[in-house]
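This briefing covers strand pairing, helix packing, a cavity and salt bridges. Please view the sequence and the structure first.

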Amino acid sequence: MPLRGATLTLPPHPRGVHLVHGALLDGVRAAGMPLDATAAGLLHLHLLHTSAGLFLTENASPDVRRDLDAWMRDVVPDGWPGFRHTLEGPDDMPAHVGSALVGVQLALPVEDGRLVLGRWQGIALAEFREDGGARRVRATLQH
């Protein structure tokens with residue numbers, strides 16, 4: 001099975017949960033990975049950061065993304081006094097915890113050139129830093 005890969009860059013996003021489904025698929029196609037009508041296989045996405053997350057979430061209601069962000073901020077508050085790793089600011093260690101909880105990888109089936117997802121599923125970036133900057137995602141397509 002041939003394996004093709006590329007490193008994609010997502011532009012900076014404010015802290016919160018953001019749908020990046022379209023941007024990632026556009027990047028995959030622009031990198032020359034064949035998501036055409038005959039493509040079948042597995043698309044693996046790996047976020048190359050430890051202070052953000054990549055996951056599937058509901059893609060219709062923005063309230064879902066806002067609620068996920070609010071819950072995460074409540075569960076892992078900035079400046080929690082038990083954190084020792086504080087050199088990069090009060091949101092740094094909570095960002096690492098959020099990344100560990102959400103995860104940084106997705107393995108998604110591809111059939112007939114399309115991702116096989118549930119009707120309401122989309123790929124989301126959880127940005128846990130106030131100023132996280134651009135985020136890199138390594139995409140590999142095995143078919």
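How many cavities of 30 Å³ or more does a search of the whole structure find? The search finds one. The model is predicted, so local features need pLDDT of at least 70 and side-chain atom pairs count only at pLDDT 80 or more, while totals for chains, interfaces and linings use all residues. Residues are numbered from 1 along each chain as its sequence is written, and side-chain values use heavy atoms, leaving out hydrogens and water.

**Cavity**
- A cavity is a set of points, on a 1 Å grid over the protein atoms alone, where a 1.4 Å probe fits but cannot get out; lining residues have an atom within 4 Å of a point.
- The largest cavity holds about 60 Å³ of space, where volume is the space filled by probe spheres set on the points, and points are joined across faces, edges and corners.
- Its lining consists of Arg-15, Asp-69, Met-72, Arg-73, Val-76, Pro-94, Glu-127 and Phe-128.
- Four lining residues are nonpolar, four are charged and none is polar; Ala, Val, Leu, Ile, Met, Phe, Trp, Tyr, Cys and Pro count as nonpolar, Asp, Glu, Lys and Arg as charged, and the others, Gly among them, as polar.
- Helix H2 gives the most to this lining, with three residues.

- Helices (H or I, at least four residues) and strands (E, at least two) are DSSP runs, numbered from the N terminus.
- Three strands form an open antiparallel sheet in the order E2-E7-E4; two strands pair if DSSP finds at least two bridges between them.
- Strands E2 (16-19) and E4 (52-58) are the edge strands, each pairing on one side only.
- From one strand to the next the twist averages 35°; axes are lines fitted to C-alpha atoms, for helices over the stretch in contact, and angles run from 0 to 180 degrees between N-to-C directions.
- E4 is joined to E7 (residues 121-127) by seven bridges, and Leu-56 stands opposite Ile-123 in E7.
- Helix H2 (residues 62-75) packs on the sheet and touches E2 and E4, its direction making about 150° with that of E2; contact means heavy atoms within 4.5 Å.

**Pairing of E3**
- E3 (residues 41-47) pairs antiparallel with E5 (residues 105-111) over six bridges, with Leu-42 opposite Pro-109.
- E3 is also joined by six bridges to the antiparallel strand E8 (residues 135-142), where Ala-139 is the bridge partner of Leu-45.

**Salt bridges**
- The structure holds nine salt bridges, each a side-chain nitrogen of Lys or Arg within 4 Å of a carboxyl oxygen of Asp or Glu.
- One of them joins Asp-63 and Arg-66 (2.5 Å, N to O).
- These two residues are separated by about one helical turn because they lie three residues apart in helix H2.

Conventions
1 Å grid on protein atoms, 1.4 Å probe; cavity = no way out; pocket = protein on both sides within 12 Å on 5 of 7 lines; lining within 4 Å.
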